[in-house]
Amino acid sequence: MPRFMDVHHGMHGITAEQLDDVHRADLAAAHAEGVHFEHAWADPESGTVFCLSEAPSAQAVRRAHERAGQGVDEVHPVPLSV
């Protein structure tokens, strides 16, 4: 299944607990869209959150985040890794 990195902006000051809450909401919504969220990272200073997932499409990633109650600013395919 294809992998995607999505990016959320505007989450300045996010804490580890808040990131965990957001990630858990994503996990709860993911199944309905066929998405498997693998990991999330955040930079509280810039307000940027990154999520790595496997999904059938970028649109499925967007829908899963919307089901979890948050939008996503960018979704990038990640076809190569080392």
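Buried means under 20% relative accessible area, exposed over 50%, and partly exposed in between. The model shown is predicted.

**View 1. Helix α1 and its buried face.**
Helix α1 covers residues 16-30, 15 residues in total. From first C-alpha to last it reaches 21 Å, close to the 21 Å expected at 1.5 Å a residue. Leu19, Val22, His23, Asp26, Ala29 and Ala30 are buried in this helix. Seen down the axis of α1, these buried residues fall within an arc of 125 degrees, so they line one face of the helix. They pack against β2 (36-43), β3 (48-54) and α2 (58-67). The face turned away from the buried side carries the exposed residues Glu17, Arg24 and Ala28.

Aspartate 20 and arginine 24 form a salt bridge, with their closest N and O atoms 2.9 Å apart. The two residues are four apart in helix α1, a separation of about one helical turn. Aspartate 20 counts as partly exposed, at 32% relative accessibility. Arginine 24 counts as exposed, at 53%.

**View 2. The largest nonpolar core.**
This core has 15 residues. Val35, Phe37 and Val61 touch the most other members. Elements giving two or more residues to the core are α1, β2, β3 and α2. The largest share, three residues, comes from α2. Valine 35 touches Ala30, Ser53, Glu54, Ala55, Ala60, Val61 and Ala64, leaving aside residues up to four places away in sequence.

**View 3. Arginine 3 and glutamate 38.**
Arginine 3 pairs with glutamate 38 in a salt bridge, the closest N and O atoms being 2.3 Å apart. Arginine 3 lies in strand β1 (residues 3-8) and glutamate 38 in strand β2, so the pair ties together parts that are 35 residues apart in sequence. At 30% relative accessibility, arginine 3 falls between the 20% and 50% limits, so it counts as partly exposed. Glutamate 38 also counts as partly exposed, at 26% relative accessibility. The model has four salt bridges in its count.

**View 4. Glutamate 33 and its arginine partners.**
Glutamate 33 sits in the loop between α1 and β2. With a relative accessible area of 13%, glutamate 33 is under the 20% limit and therefore buried. Arginine 63 forms a salt bridge with glutamate 33, the closest N and O atoms being 2.7 Å apart. This pair links distant parts of the chain: arginine 63 is in helix α2, and the two residues are 30 apart. Arginine 63 counts as partly exposed, at 38% relative accessibility. Salt bridges that share partners join Glu33, Arg63 and Arg67 into one network. A polar contact of 2.7 Å joins the side chains of glutamate 33 and arginine 67. Leaving aside residues up to four places away in sequence, glutamate 33 touches Pro56, Ala60, Arg63, Ala64 and Arg67.

**View 5. Aspartate 43 in strand β2.**
Aspartate 43 is found in strand β2. Aspartate 43 is partly exposed, with a relative accessible area of 33%. The side chains of aspartate 43 and serine 46 are joined by a polar contact of 3.0 Å. Serine 53 is 10 residues from aspartate 43 along the chain, and their C-alpha atoms are separated by 18 Å.

Notes:
Residues are numbered from 1 along each chain as its sequence is written. This is a predicted model: local features need pLDDT of at least 70, side-chain atom pairs count only at pLDDT 80 or more; totals for chains, interfaces and linings use all residues. Side-chain values use heavy atoms; hydrogens and water are left out. The expected span of a helix is 1.5 Å times one less than its number of residues. Buried means under 20% relative accessible area, exposed over 50%, partly exposed in between (1.4 Å probe, protein chains only). The arc is that of the directions from the helix axis to the C-beta atoms. Contact means heavy atoms within 4.5 Å. A nonpolar core is a set of buried Ala, Val, Leu, Ile, Met, Phe, Trp, Tyr and Cys residues joined through side-chain atoms within 4.5 Å. A polar contact is a pair of N or O atoms within 3.5 Å; within protein, one must be able to donate a hydrogen and the other to accept it, and residues adjacent in sequence count only if both atoms are side-chain atoms. A salt bridge is a side-chain nitrogen of Lys or Arg within 4 Å of a carboxyl oxygen of Asp or Glu.
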